[in-house]
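Subject: Structure handover: disulfide and salt bridges

Hello,

Here is the structure for your set-up work.

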Amino acid sequence: MGDERLYYYNNNCLVPVQPAVTVCQLVSQRQQQKSLDILVRVPRSKPAIEQVVDVYVKKVRITSVSVLCDKVIVRGRFEVKVLYVACRPDQPVHAVEVHNVRFTIPVDMHGAQPGMNADAKVVVEYVDYDCEPGCRADWHKQQAKWDNTGDWECEDDYDDDECADQTLPSHDHKKGQSGKQQKKCHPPCPMPDKCTRRCHVSVVLRASVQVFSTMKLITQHGMLPAVPKG
């Protein structure tokens with residue numbers, strides 16, 4: 001096999017040309033948040049929602065990263081899974097999923113130019129849900145929030161008989177520091193048949209983007225320059 005290296009003349013001598021070294025230089029890096037609202041519908045083949053147990057966001061994937069002038073566009077998709085207690089006497093646990101939820105996150109990147117390389121990463125920062133006001137799923141969520149904070153008061157016109165035929169807790173009488181009885185109760189319970197088939201899921205994504213530029217350095221006499229160029 002012959003010598004495929006390139007040569008140039010230096011003082012009437014043939015000197016081999018050293019190969020070029022490609023160096024990546026960080027141009028800009030930034031993080032950007034994106035909020036999405038997804039409507040989850042329970043199909044007719046499954047029972048309605050009585051209480052939401054948990055909401056998951058899974059399989060977050062980036063499908064494309066486009067570098068424009070001073071901007072990077074990150075596109076991808078993910079899946080949402082809602083685990084809930086069914087509105088039935090035996091209260092079985094069911095799940096409903098939404099596939100291929102697409103997202104687009106534009107990120108302002110000063111110095112970015114088409115043709116540069118970009119590295120992106122997307123993570124889930126926050127997940128929450130909301131149900132229709134007045135349904136049992138919304139009542140369960142508000143009850144858990146009020147139980148944790150304790151900043152709810154009893155209404156004077158509240159009737160205990162409204163929850164007499166239900167298994168949901170109604171009133172809790174606690175004694176204050178002064179020795180007097182302080183009456184606190186949960187909000188009025190919804191009707192037993194007032195379930196829902198819709199759930200609004202809020203998702204907050206955070207994209208971390210880095211933009212790099214590439215440049216070629218030609219070494220001389222097999223040595224790299226002492227000070228990097230650029």
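Which side chain meets that of E50 in a salt bridge? The partner is R136, with N to O at 2.8 Å. Keep in mind that this is a predicted model.

Salt bridges

E50 sits in strand β4 (residues 49-68) and R136 in helix α1 (residues 136-149), so this bridge ties together parts that are 86 residues apart in sequence. Both ends are buried: E50 has a relative accessibility of 6%, and R136 has 8%.

The count of salt bridges comes to seven. Another one of them joins K141 and D130, at 3.0 Å from N to O. K141 belongs to helix α1 and D130 to strand β7 (residues 117-130), so the parts tied together here are 11 residues apart in sequence. K141 is buried at 18% relative accessibility, whereas D130 is partly exposed at 41%. The pair is also part of a network of salt bridges that links D128, D130 and K141.

R198 and E132 form a further salt bridge, with their closest N and O atoms 3.2 Å apart. R198 lies in strand β10 and E132 in the loop between β7 and α1, so the pair connects parts that are 66 residues apart in sequence. R198 is partly exposed, at 30% relative accessibility; E132 is partly exposed as well, at 30%.

Cysteines

There is one disulfide by count. It joins C87 to C195, with an S to S distance of 2.0 Å. The torsion about the S-S bond is about 60 degrees, so the disulfide of C87 and C195 is right-handed. C87 is in the loop between β5 (71-86) and β6 (93-108), and C195 is in the loop between β9 (181-185) and β10 (198-218), so the bond ties together parts that are 108 residues apart in sequence. C87 counts as partly exposed, with 28% relative accessibility, while C195 counts as buried, with 19%. The cut-off for buried is under 20%.

C135 is in no disulfide; its nearest cysteine sulfur is that of C131, 5.0 Å away. C135 is buried, with a relative accessible area of 2%.

Regards

Definitions and conventions. Residues numbered from 1 in each chain as written. Predicted model: local features only at pLDDT ≥ 70, side-chain atom pairs only at ≥ 80, totals over all residues. Heavy atoms only, no water. Disulfide = S-S within 2.5 Å. Helix = DSSP H or I, 4+ residues; strand = E, 2+ residues; numbered from the N terminus. Buried < 20%, exposed > 50% of the residue type's maximum accessible area, 1.4 Å probe, protein only. Salt bridge = Lys/Arg side-chain N within 4 Å of Asp/Glu carboxyl O.
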